[in-house]
Amino acid sequence: MNVVYAASLVISAACLVLLDVRFSLVLRRRPVAGAAALAIGLLFFIAWDAVGIGLGVFRHVDSDWATGLLLAPEFPVEELLFLIFLSYLTLILLSGWQRRRERETPR
């Protein structure tokens, strides 16, 4: 069992947390709204994956970089970690972009 990919996703997500804490972008700025947005995005992508798996579009292929642990048929643990990372990254980027626009807009 190799944990390289899973560990890289966890480390990358931890870096996002550091950015969030430092610049108060998502969870530190509005924790309830941020957690709700993160959960909604995560549920959307899990449903998306479930439909893709059901249609045979998405398939799990063994990799030397992955753990091989499946949360459901064709749904590896790394996919869940990636979806968390993707949703959180999107929220941070949108929040940072919004904050930048607010600073640049004259009042």
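Guide: Let us begin with a cut-off: a residue is called buried when its relative accessible area is under 20%. Please keep in mind that this is a predicted model.

Visitor: Why is aspartate 49 counted as buried?

Guide: Aspartate 49, which is found in helix 2, has a relative accessibility of 7%, and since buried means under 20%, aspartate 49 therefore counts as buried. Leaving aside neighbours within four places in sequence, aspartate 49 is in contact with Phe58, Phe75, Glu79 and Leu83.

Visitor: What makes helix 2 and helix 3 oblique to each other?

Guide: Helix 2 (residues 31–54) and helix 3 (residues 77–104) pack at an angle of about 135°, with their axes 9 Å apart. Angles over 145 degrees count as roughly antiparallel and those from 65 to 115 as roughly perpendicular, while those under 35 are roughly parallel and the rest are oblique, so the two helices are oblique to each other. The crossing in which helix 2 passes helix 3 is right-handed, and by class the contact between them has eleven nonpolar, three polar and two charged residues.

Visitor: What makes up the largest nonpolar core?

Guide: The largest nonpolar core has nine residues, namely Ala13, Leu16, Leu25, Val26, Leu38, Phe85, Tyr88, Leu91 and Ile92. Helix 1 (4–23) and helix 3 are the elements that give two or more residues to this core, and helix 3 gives the most, with four residues.

Key
Residues numbered from 1 in each chain as written. Predicted model: local features only at pLDDT ≥ 70, side-chain atom pairs only at ≥ 80, totals over all residues. Heavy atoms only, no water. Axes fitted to C-alpha atoms, helices over the stretch in contact; angles between N-to-C directions. Left-handed = near helix turned anticlockwise from the far one by under 90°. Nonpolar A, V, L, I, M, F, W, Y, C, P; charged D, E, K, R; others polar. Core = buried A, V, L, I, M, F, W, Y, C linked by side-chain atoms within 4.5 Å. Buried < 20%, exposed > 50% of the residue type's maximum accessible area, 1.4 Å probe, protein only. Contact = heavy atoms within 4.5 Å.
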